[in-house]
Amino acid sequence: MLAIAVRPGSPGSVHARELDRPSIGDVPDGRGVLVRTIRVGLCGTDREIIDGLFGTPPEGADHLVLGHESLGRVEAVGDGVAGQLEPGTLVVATVRRSGTSPYDRIGMYDFTTDPPLERGINRWHGFLSEFYLDTEDFLVPVPASLARVGVLLEPLSIVEKGLAQADEIQRRLRIWRPQRAAVTGAGTIGLLVTLALRLRGVDVTVLSRRPAPYRNSDLVKALGATYLSTAGTSLAGAGRACGPFDLVFEASGHSPFAFEAVGALGANGIVVLSGVTGGPRPIEIDANAINQDLVLNNKVIVGTVNASRDDFVRGVEDLVRAERTYPGWLERLLTTPVHGLSDAGAIVTALADREAIKAFVVVDRSLDAAP
Ligand code: BGC
């Protein structure tokens with residue numbers, strides 16, 4: 001079967017390669033589930049891996065199969081698989097695999113203190129192949145009605161985890177009912193955060209660099225949220241005009257926002273950071289002012305990465321609600337398809353397309369052939 005792989009650490013090594021098709025017998029005790037890949041989303045992490053900046057191959061391998069944002073259909077299940085999965089079920093796989101830390105042992109592998117095992121990223125092959133093998137614990141069933149948009153579940157799971165973290169932390173307040181939020185960044189994550197917050201009835205202001213109108217600002221408007229360009233407004237200015245915010249979700253990867261966001265928060269507010277920002281970026285900040293604001297106003301800054309199975313499951317519910325509340329909106333994020341697994345260069349091109357919201361690989365065309 002065909003797959004797309006890189007030699008981690010070697011920029012430009014992305015290539016299509018032939019691999020043996022896995023078989024359910026490769027997993028002991030009949031627990032194997034063979035999945036036929038339908039679509040795989042591409043993101044900045046894939047770009048960094050392709051550029052040789054990130055990623056680790058599995059032990060003993062010189063290559064890493066890419067792809068961590070999956071959607072597939074169960075092809076076959078082992079006789080030890082007891083639950084909801086049967087041939088034909090649509091599934092999205094979680095990304096992390098369990099290590100041995102106490103968190104891993106209670107299913108919270110997104111909080112592992114081990115070096116992470118992440119499919120398509122770190123020490124485990126990903127999903128950019130015609131088939132992949134996994135076990136039931138890591139496969140989340142998705143209703144057939146989400147076939148066209150289910151590939152957005154992994155990025156949404158990151159959002160779900162960030163919001164769940166905020167809820168968990170803000171239980172300290174006894175009454176936490178966020179009413180106003182700011183989202184920095186209007187890429188896939190920023191748009192999905194805006195969606196999730198709008199589905200929860202929160203008033204949302206999105207800040208991003210590019211002046212409106214353009215595709216992403218139109219998508220923000222379609223959710224009944226406000227779009228502001230940072231060319232005309234600072235985060236502090238947005239806080240004065242539309243805040244103070246109960247929550248700021250940083251999804252632009254512009255790390256100075258981590259500090260600016262504190263000032264745009266109201267008392268007791270929380271900043272959630274989701275950007276994985278590589279390389280140095282020295283800036284000058286007024287450390288006293290930020291420190292004092294955090295202390296005197298009981299504010300919190302929290303980072304969030306990866307997601308647990310529960311976050312994926314909550315994401316499925318939000319995808320269903322989104323299709324009902326904002327029909328057609330999710331599909332508008334899927335701007336940039338790459339067809340098939342034979343042309344690795346097309347993946348590089350799609351990832352470089354600055355107009356793209358979500359680039360994705362169509363691995364199995366049957367969905368696109370469907371009416
Ligand atoms: C993935 C996460 C992963 C992170 C760091 C992101 O692109 O969505 O699942 O933990 O990269 O490896």
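Reply: Strand 1 (residues 2-6) and strand 4 run antiparallel and are joined by 2 bridges. Strands here are DSSP runs (E, at least two residues), and helices are runs of H or I with at least four residues, all numbered from the N terminus. Two strands pair if DSSP finds at least two bridges between them. Leu64 in strand 4 is the bridge partner of Val6. The model is predicted: local features need pLDDT of at least 70, side-chain atom pairs count only at pLDDT 80 or more, and totals for chains, interfaces and linings use all residues. Residues are numbered from 1 along each chain as its sequence is written.

Now the sheet around this pair. The open sheet has 3 strands in the order 2-1-4, with antiparallel pairing. Strand 2 (15-18) and strand 4 (64-65) stand at the edges, each with a single partner strand, so one side of each has no neighbour in the sheet. Strands of a sheet pair through backbone hydrogen bonds, either parallel or antiparallel.

Another antiparallel pair is strand 3 (residues 32-42) with strand 10, joined by 5 bridges. There, Leu133 in strand 10 is the bridge partner of Leu34. Strand 10 (residues 131-135) is mostly covered, with 4 of its 5 residues buried. Buried means that 20 or more other C-beta atoms, placed from the backbone, lie within 10 Å of the residue's own; exposed means 12 or fewer, and partly exposed is in between.
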